[in-house]
Amino acid sequence: MVTLAAEYLTQIEQNGYALVPGALDEELDLRPVDDEFNAILDRVAHELHRSGDISSDYAHLPFDQRLIRVAAESPTSIMEHFEISLAQPHELAMSGLNPDERKKRFRMNTGQATLNLLRSPRLMDILEPLIGGEIYCNPVQHTRIKLPVGISERLTPAQRATGLTDTTIWHQDGGVVLPEADRTFTVTVWVAMNDATEENGCLVYSKRSHRSGLSFHCPTTGTARPGLAGSIPEEWIDTDTAVPVPARRGDVLLHVPLTKHRSLANRTDGIRWSFDLRYHKTGEPTGRPLFPGFVARSRSHPETELRDANEWREQWQAAWNRLLEIEKPSFNRWNIDSSVC
Ligand SMILES: O=C(O)CCC(=O)C(=O)O
Ligand SMILES: [Fe+2]
């Protein structure tokens, strides 16, 4: 059954989120990204093996098991190679590198298949009735590959530096950007690259939570990136409204900046792989001005759409060079020493 766009809009307005089953195409959207990720993992595994950092290139294993083995053995996070954004330089193990080596330390996935997914006509057709025909891809975007909890809990801070392999704690997407984006109507598109279940860490939404404004966000404690002001304490959440939302490969979930959400822990021995992408009208503030977004669809000026992954890469390399000049860039508005936390 095809659900009309109006129905997604109603669901988002009522609940703060909507599930779009079968949004993406296996051949056109998903398989090229699988191939690109396989090639990245292959390159990373060979490099690490050649430099003696891991004991095997694990080439005989399927993608998910190979990734788990390489991630667990590599002395630093391998997620930077798959990620579609940049970590802050001070969070990465870069001491001992001179300025030139730091520039070359730019690591990110800017592959053509991944860019094609971010501007997939299937996604644009879902978004156009919600935000119009001038669609901007916001640069706050992530590749998440959740490792089994038993493994990720044993990783060193350098191995888990990106936080992308861990369980996500309660937050609002509007809470992780600067106030300049408070009036931007951003739609988050969460893409399931494999089936996300309650066992392997699907998303959990607090239903209707988008109606009660922006919560204070506190430093994350315990696991992934201590000190980063990125989460809402669980005691502040009305957990009666919490609904786990499993999604099949190729489904997408939509939510808005004020929807409170988290993910469950991955209690399987495989991975849980997703992208989270954000879109709004072209020209509106992104909330992270240091990073480059791009025109994903333009009905009025199609020639302004970004189509070439080399151009995409150059824009991110320039952002990395800018980031290196700044001691501790501010990505959000919270004072992590606040007494409310
Ligand atoms: O996939 C996750 O664990 C978190 C995703 C998320 O926070 C988002 O899509 O905004
Ligand atoms: Fe989020």
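In this predicted model, ligand 1 sits among 15 surrounding residues, and the closest of these are K146, T168, W190, R272 and R278.

For R278, an N or O atom of the side chain is 2.8 Å from an oxygen atom of ligand 1. As for how much of the ligand is covered, ligand 1 taken alone exposes 290 Å², and the protein buries 100% of that. Strands β2 (134-146), β3 (187-192), β9 (261-263) and β10 (272-281) each put two or more residues into the shell. Of the elements involved, β10 gives the most, with four residues.

Then there is helix α1, which spans residues 5-15 and has Y8, I12 and N15 buried. Looking down the axis of α1, these buried residues fall within an arc of 95°, so they line one face of the helix. On the face turned away from that buried side, α1 carries the exposed residues A6 and E13. The cover over the buried residues of α1 comes from several parts of the chain, including β1 (17-20), α6 (121-131), β4 (203-206) and β8 (252-255). Just past the end of α1, G16 takes a positive phi of about 95°.

Note on methods:
Residues are numbered from 1 along each chain as its sequence is written. Chains are lettered from A and ligands numbered from 1 in the order in which they are written. This is a predicted model: local features need pLDDT of at least 70, side-chain atom pairs count only at pLDDT 80 or more; totals for chains, interfaces and linings use all residues. Side-chain values use heavy atoms; hydrogens and water are left out. A residue is near a molecule or strand if one of its heavy atoms lies within 4 Å of it. A polar contact is a pair of N or O atoms within 3.5 Å; within protein, one must be able to donate a hydrogen and the other to accept it, and residues adjacent in sequence count only if both atoms are side-chain atoms. Accessible areas come from the Shrake-Rupley method with a 1.4 Å probe; for residues, only the protein chains shown count as cover. Buried means under 20% relative accessible area, exposed over 50%, partly exposed in between (1.4 Å probe, protein chains only). The arc is that of the directions from the helix axis to the C-beta atoms. Contact means heavy atoms within 4.5 Å.
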